[in-house]
Amino acid sequence: MKHKHVPVLIVGGGLTGLTSALFLARHNIDYLLVEKHAGTAIHPKAGGITFRTMELFRQLGLEKAIRTASEPLDHIRGRIAVETIKNIDPTELKEGESTQREIDKKIVEMIEKISPSKAASCYQIDLEPILLRAAEQGEGHIRYNTELVAYQQDNLGVTATIMDRETGTKEIIRSDYLVAADGAKSTIRKHMKIPTTGRGVIGGHYINIYFQADLSHFLKGSQFGWIQILNQEAFGAFITVNNRDEWIYHVAYNPSNGERPEDFSEERCREIIKKAIGVSNLDIVILSILPWAAVEKTATCFWDKRVFLVGDAAHLMPPTGGFGSNTGIQDAHNLAWKLAAVIRKQAHPRLLQTYHDERHHVVARP
C-alpha cells in the first residue's frame, strides 16, 4: 500500500465537501478529498443560495460565476395551484407574477441595505462543477471513485484507508484532521457512535422525477417556482430546473401502504407527468428518479477529537428554504479557518471545540 500525509482528509465531494476544500485552500492548507461516486451530482437538488452564502462565495471569487449560472432562475419565485398544467389560466399567471415581483422588490431592497450580495438559485448539478473547477485550479487533491474503507485516530492524527473503486487499490492516508462530509447516511458519524435527535421523517416520502420536456406552450415564461398539481391521479408539484425544458416533478408515496421507490419505473413516472400536464402526446425524457424524505435530524455532537461532521452528516433539514445546503456550506467556512489556525500553530487546538458550540447552536435554533 502507498502511504501519504496531508493536513486534512475530506470525505465526501458534495457541496459541503467541495466548499470545505476551497475554504482550506484559501488559507493555504493542503488537503485530500475523496468521493465514492464517479463525479459531481447528476440530480438537481439544493437550488437556493442565501445572500449570506453568496457572501462566502464572494470571498472565494466565485460570486460572478455562480450569478451567471443562476440567471435562468433569477426571477423564478412564488407558488400556484392548478388542476393540470394545460388548464393554467394565463390571467392568473400574470396577476400572480405581478404580486410576486412586488414582494421580490421589497426583499431585494431590504438585503441591499445590509449586504453586497443577493440570493441566487443555482442547482447542485450546476454549482458543484463550478466549485470543482475552482478547486482543480488550486493545489489540493480531489479523487472521485474513491471511498473511505476504515479509519482510526490517535492523539497525533488520523490514519485512514481509502480504496480506488475501479481498481480495488488501497492506500493509507495519514492526516492531522478528518472532515466528514459524507452525507445523510454518514458512515463516519455511525463509526463515532454519535446519536442524532429530532423528529425524523416529518413530511412524508417522495419520488423526485428529473425530466426533460418543452412546457413553454402552456407556461409562456411563467415565473412561478412551484406549481402544485391538484389532479388526484397525479397529485404533486412541478419545479423548473432551467426555466426552459428541464423540470422536477415531486410525487408522494406511502411506505406504510406497501409502496416502494422501485415501483416508480420510468414508464410509470412518464405517465404521472403526462396526467399532471394534462396531455398524452408530449415527448418526455426521464433523466433520473430519486426517492427522498423530508427529515429533521441533528447529531448530538459535531466533532470527536480530530474528526468533524459537516453538512448533512451533522444535520438534516427539510428542503424548504434551502437551509440544509446553506447551513452545510457555512459549517465548512466556520471549520476551515479554525483548522488552518491550529495547523499553523497560530491557535490552541481548543479553538476547534468552538466549531461544535457555534454550529450546533445555529442548527438547533427553532
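The model is predicted, so local features need pLDDT of at least 70 and side-chain atom pairs count only at pLDDT 80 or more, while totals for chains, interfaces and linings use all residues. Residues are numbered from 1 along each chain as its sequence is written, and side-chain values use heavy atoms, with hydrogens and water left out.

I begin with the helices, which are DSSP runs of H or I of at least four residues, numbered from the N terminus. Helix 1 (residues 15-26) packs against helix 5 (residues 124-136) at about 25 degrees, with the axes 10 Å apart. Helix 1 is therefore roughly parallel to helix 5, a term for angles under 35 degrees. Helix 1 contributes L15, L18, T19 and L22 to the contact, and among the residues of helix 5 are L127, E128 and L131; contact means heavy atoms within 4.5 Å.

I turn now to the nonpolar cores, sets of buried Ala, Val, Leu, Ile, Met, Phe, Trp, Tyr and Cys residues joined through side-chain atoms within 4.5 Å. Buried means under 20% relative accessible area, with a 1.4 Å probe and protein chains only. The largest core has 64 residues, and L339 is one of those that touch the most other members. Helix 9 (residues 323-343) supplies the largest share of this core, 7 residues. Another core, of 30 residues, lies apart from it and includes W247 and F264.

Beyond its neighbours within four places in sequence, K274 contacts V279, S280, L282 and I284.

Methods: Axes fitted to C-alpha atoms, helices over the stretch in contact; angles between N-to-C directions. Helix = DSSP H or I, 4+ residues; strand = E, 2+ residues; numbered from the N terminus. Parallel < 35°, antiparallel > 145°, perpendicular 65-115°, else oblique. Buried < 20%, exposed > 50% of the residue type's maximum accessible area, 1.4 Å probe, protein only.
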